[in-house]
Each structure stands twice: as structure tokens, then as C-alpha cells.
Amino acid sequence: MNIIENLWQTDHIIRGWLKEVREDILSELHDPLAVAEKTSRKDLVTNVDKANEKKIIKAIRSFDSQAKILGEEGQGDQVTSMQGHVWIIDPLDGTLNFVKQRDNFAVMIALYIDGKGILGYIMDVMRNRIYGGGPSLGVFTQDNELTKPTNLHLRDGLLGVSGPMLIHDKYHLQAIDEASSGVRIIGSAGIEFIQVLKGKQNGYISHLMPWDFAAGKILAETLNLSVTKVDGTPVDMLSSNDVLVSTKDTQKDILNMIR
Ligand code: IPD
Ligand code: CA
Ligand code: CA
Ligand code: CA
């Protein structure tokens, strides 16, 4: 199937994969987890992260023979360029929340073709909501289309941040937060992006890997939000970045404060 010519059908298929992954997660939600430390006791991976990734990769491979797949847990491909069909997946975003709260975690899937964001999906598992779509479709959750958030200034709304960046005051983040209406720390990039897409937060700042922001970037840009590095330059889709997703006026306000 030609994906570009059949975007709505592809959208339906991807939502179907996500619903299946959700069923798997819920069926194991109260079972003991196999938890391993990656780089530290705050950087975890579980059997559920790995099983989700395996399932999503299998679904993508049987659907798209041209797929190159970048997945956090490494069961995909070594992706070194954004040429062709590049699928970027975070099989469980907010693993620490999943382990400690069984709440506030997401599953994310993005498709880029020749570097252009085509489709992005963020599933808030415990609220049973999939936010998905892309520039040709708009952004939908269930059957409701999201409207573009109001272009608020920094002082007029809440700002999501990563805890470590705030503690270390990177980019004078404490002053930036002081200038906003207030700061929020959720602990899942996917759930933070959803807050910005829905206009519940003006923005979100965090040090992120491609799978943390690939889907959110497509959805945010579709809704006229800005997604750049914190210094305003374009993000690199194949490495880590300090990412700012925000309304355009909030981005201007933050750039004025860090320059
Ligand atoms: C993490 C979460 C967290 C963010 C980290 C990410 P993971 O993703 O999105 O909010 O601050 O940078 O690594 O590892 O739980 O998928
Ligand atoms: Ca992780
Ligand atoms: Ca993540
Ligand atoms: Ca993850």
C-alpha cells in the first residue's frame, strides 16, 4: 500500500496497533515487573518496554517493507539517515512513572518520509486516549479534532520542564519558570507534549532523545506550535537535543531571556 496516498487508512491501522499494545499493558498491569537499570537507578527498562517494542516493530515490518525503525530499546535498525521511511518509536515513555505509579506513561509512534514528519501518535495509556495525525490530516483524539492552542505568552500559562534541568538551572530555567504562571513536572515527555497540544501548558522544556519527541513534533507543528532546540535552532532527529515545544510567543519570550 502506498502510505502517502492512503494516510487515513494508515492512521486507522496505527491506532489499531496502539490499542492492541494497550490491551497487553493492561493485562499485565498488576503482574510483577522485570525491572533492569540501564545507566542508573533512575533510568529503567522493564519487560513491558521490550515486549511493546517487539510487537510494534513486528507490526511495522509486516505493513511497510521499506521501513527503517529507530526504537529506544534497540530491537529495530541502526538508523543513520532520515532518507526513506523512518519509523521512530518509544515503546513506553515514562518508564519510571510506569514502575512507581502505573500511571502517567505513554506509547509513541512516528513516521517520517525523507525527513518530513508524516504521522505521529502519542497514546496516554491510563486515560485511554490516542492523540494522532499529521500535517495532511490534522490532530485527532478519538473522533475529536484538536484546535490550535491560543498563542499565549510565557507569563500567561504553565510551563512543563524536566526535573534535572530545573535543578541544574540550565538556560536559567529557574528564572524562566519564575516568569511563567507556574511550573509542572510530569515525568513523561509524551504526556507533557499532550498538555501543550491541548493548550493546558504553554510549553515544555527537556533534554530528549529522538523517540521522546518525534511523534510530538509532528503533532505540535500541525497545531502551529514551535518545536526547536532551546536556543531556537532546528532539532536533530538522530541525536539528543534540549527541546522546547511551545506556543510561538512563549518561544520568543524564552529566547529573549536566554540570549
Ligand atoms: C523519559 C521520559 C522523561 C524524560 C526523559 C525520558 P523514558 O523517557 O520521557 O519525562 O525527562 O528524558 O528519557 O526513558 O521513560 O521512555
Ligand atoms: Ca528509557
Ligand atoms: Ca521516552
Ligand atoms: Ca521509553
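Okay, a definition to start: when I say domain, the bounds come from an automatic or database domain assignment. With that, the centres of domain 1 and domain 2 are 21 Å apart, taken over C-alpha atoms. And keep in mind that we're looking at a predicted model here.

So, the overall picture. Domain 1 covers 4-145 and domain 2 covers 154-258. Across the protein you'll find eight helices and 14 strands. Along the principal axes, the C-alpha atoms fill a box of roughly 50 × 45 × 35 Å.

Now, how do the two domains meet? On one side there are 31 residues of domain 1, in contact with 24 residues of domain 2. The domain 1 side takes at least two residues from each of several elements, including S4, helix H3 (95-101), strand S5 (106-113) and strand S6 (116-124). S6 is the one that gives the most, with six residues. By class, that side of domain 1 splits into 18 nonpolar, nine polar and four charged residues.

Next, the ligand, which I guess is what you're all waiting for. Which residues come nearest to ligand 1? Out of 13 around it, they are Asp93, Gly94, Thr95, Ser162 and Ala189. Both domains take part: domain 1 and domain 2 each put at least three residues into the shell. In terms of strands, S4 (85-93) and S12 (203-208) each supply at least two residues of that shell, and S12 gives the most, with three.

Last stop, a helix pair. H6 is residues 189-197 and H7 is residues 210-222; their axes sit 9 Å apart, and the packing angle is about 10 degrees. Anything under 35 degrees counts as roughly parallel, so that's what we call H6 and H7. The H6 residues in this contact are Ala189, Gly190, Phe193, Val196 and Leu197, and they meet Asp212, Phe213, Gly216, Leu219 and Ala220 in H7. Sorted by class, the contact has seven nonpolar residues, two polar and one charged.

Technical notes:
Residues numbered from 1 in each chain as written. Chains lettered and ligands numbered in written order. Predicted model: local features only at pLDDT ≥ 70, side-chain atom pairs only at ≥ 80, totals over all residues. Near = placed C-beta within 6 Å. Helix = DSSP H or I, 4+ residues; strand = E, 2+ residues; numbered from the N terminus. Axes fitted to C-alpha atoms, helices over the stretch in contact; angles between N-to-C directions. Parallel < 35°, antiparallel > 145°, perpendicular 65-115°, else oblique. Contact = placed C-beta atoms within 7 Å. Nonpolar A, V, L, I, M, F, W, Y, C, P; charged D, E, K, R; others polar.
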